[in-house]
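Dear colleague,

Please find below the structure that I am handing over to you. My findings follow it, arranged by region.

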Amino acid sequence: MVVLVRCPYHEDSTPSLALYRDHAFCFGGCGLVPLEWLPENLRELSARQRETRERAGGGFTREQLRVLVEAWCWNLLEGTRRHRLSWLEDRGIDAQAARRFRLGHSGAWFTIPVLQGREVVGVRFRRDPYYLDEDEGPKYRNPKGQPVLLYRPNPGGWPLVVTEGEFDAMLLCLAGCDAVTATAGAGSLVSLLEREGILGRYRRAGSVLHVATDQDAAGEQVVEQLVRRGFRVCRWRWEGAKDVSEALARVPRSQWSSRVRRWIREGEVWSPRRERKGLAEGGLDARCRMVAG
Ligand SMILES: [Zn+2]
């Protein structure tokens, strides 16, 4: 996030001095301005911005969080929580995959770091039922103050699949997909994807966007929101399972790629034009039944 302020070095009627964390730049013609040249109030503003950027929620800086993530990871892969790898293995994530996603264990919670490139920008905690009663609180929690983050473990994969939850995203990633989700559930998913610029080229190119959200009301709403925003959507369906993780848990890992290829091939395709047509013709039920080529 860049803050624009009025440049103190020229007659500036509209703010044209951009404050970055290590320099300032005047788009009104002054060019590069070293931070130490700035008046004190602007220097402070720039420093505050630097702090915001480096904060990672829970009172941690990103650097502190990086160290914690390493320690948690060690705890799970080599340390006292090694035996809890079995819980992940039951969900299709073996030690090698856990290492790849830098999963860890904080003592009573599994830890799922949110990475941007190599940088740790946040973390999600998943209650470990061995230490904490599954029914006694939410299954997931975030460090206090952590913003909603994009979780995208495999940006080099194909196709881009919008999904719901870190485990769904990890499993789809192991099947070769570029899965994306949000760290705060389905409700914030579409606006986060828009804000992060993930979807722009799909709208421009009119290409199909794959969606593998949960087969419940919130999951269907994500499909609807995307179609309303002008995307062509391929909605993946599976029998007798709520989410991708459940559906994949029923087949051996060696068959995941072929299962994903089947979902790609057999998904329901929704397009904005058809959606409008469906609305006029029969409302929600008609749209839900619609399968177009
Ligand atoms: Zn200027």
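Which residue in S8 is the bridge partner of phenylalanine 125? It is arginine 141 that takes this place in S8. Please bear in mind throughout that the model is predicted.

Two residues separate S6 from S7, and the strands form a hairpin. Glycine 117, in the turn of that hairpin, has a positive phi of about 65°.

The six-stranded sheet

Six strands make up an open sheet with mixed pairing, in the order S9-S11-S10-S12-S13-S14. Strand S9 (150–151) and strand S14 (268–270) are at its edges; each has a single partner strand, so one side of each lacks a neighbour in the sheet. The partner of S9 is strand S11 (residues 178–182), to which S9 is joined by two bridges in an antiparallel arrangement. There, tyrosine 151 lies opposite threonine 181 of S11.

The loop between S9 and strand S10 (160–163) contains proline 159. The peptide bond leading from tryptophan 158 into proline 159 is cis, with omega near -10°.

Helix H2

Helix H2 (residues 62–77) has 16 residues, and at 1.5 Å a residue these should span 22 Å; the C-alpha atoms at its ends are 22 Å apart, which agrees. Its buried residues are Leu65, Leu68, Val69, Trp72, Cys73 and Leu76. Viewed down the axis of H2, these buried residues fall within an arc of 140°, so they line one face of the helix. Glu63 and Val67, on the other side of H2, are exposed.

Two individual residues

Arginine 102 is located in the loop between H4 and S5. Although arginine 102 is not a glycine, its phi is positive, at about 55°. Is this residue buried or exposed? Arginine 102 is buried: 20 other C-beta atoms lie within 10 Å, and 20 is the number from which a residue counts as buried.

Methionine 170 belongs to helix H5 (residues 166–174). Methionine 170 is likewise buried, with 28 other C-beta atoms within 10 Å. Leaving aside residues up to four places away in sequence, methionine 170 touches Ile93, Phe101 and Pro153. Serine 245 is 75 residues from methionine 170 along the chain, yet the C-alpha atoms of the two are separated by 9.1 Å.

The chain as a whole

The chain has eleven helices and 14 strands. Its C-alpha trace spans about 65 × 60 × 35 Å along the principal axes. Of its 293 residues, 32% count as buried. Among the contacts in the chain with a separation of 6 or more, 49% are between residues 24 or more positions apart.

With kind regards

Note on methods. Residues are numbered from 1 along each chain as its sequence is written. This is a predicted model: local features need pLDDT of at least 70, side-chain atom pairs count only at pLDDT 80 or more; totals for chains, interfaces and linings use all residues. Two strands pair if DSSP finds at least two bridges between them. Helices (H or I, at least four residues) and strands (E, at least two) are DSSP runs, numbered from the N terminus. The expected span of a helix is 1.5 Å times one less than its number of residues. A residue is buried if 20 or more other C-beta atoms lie within 10 Å of its own, exposed if 12 or fewer, and partly exposed in between; C-beta atoms are placed from the backbone. The arc is that of the directions from the helix axis to the C-beta atoms. Two residues are in contact if their C-beta atoms, placed from the backbone, lie within 7 Å.
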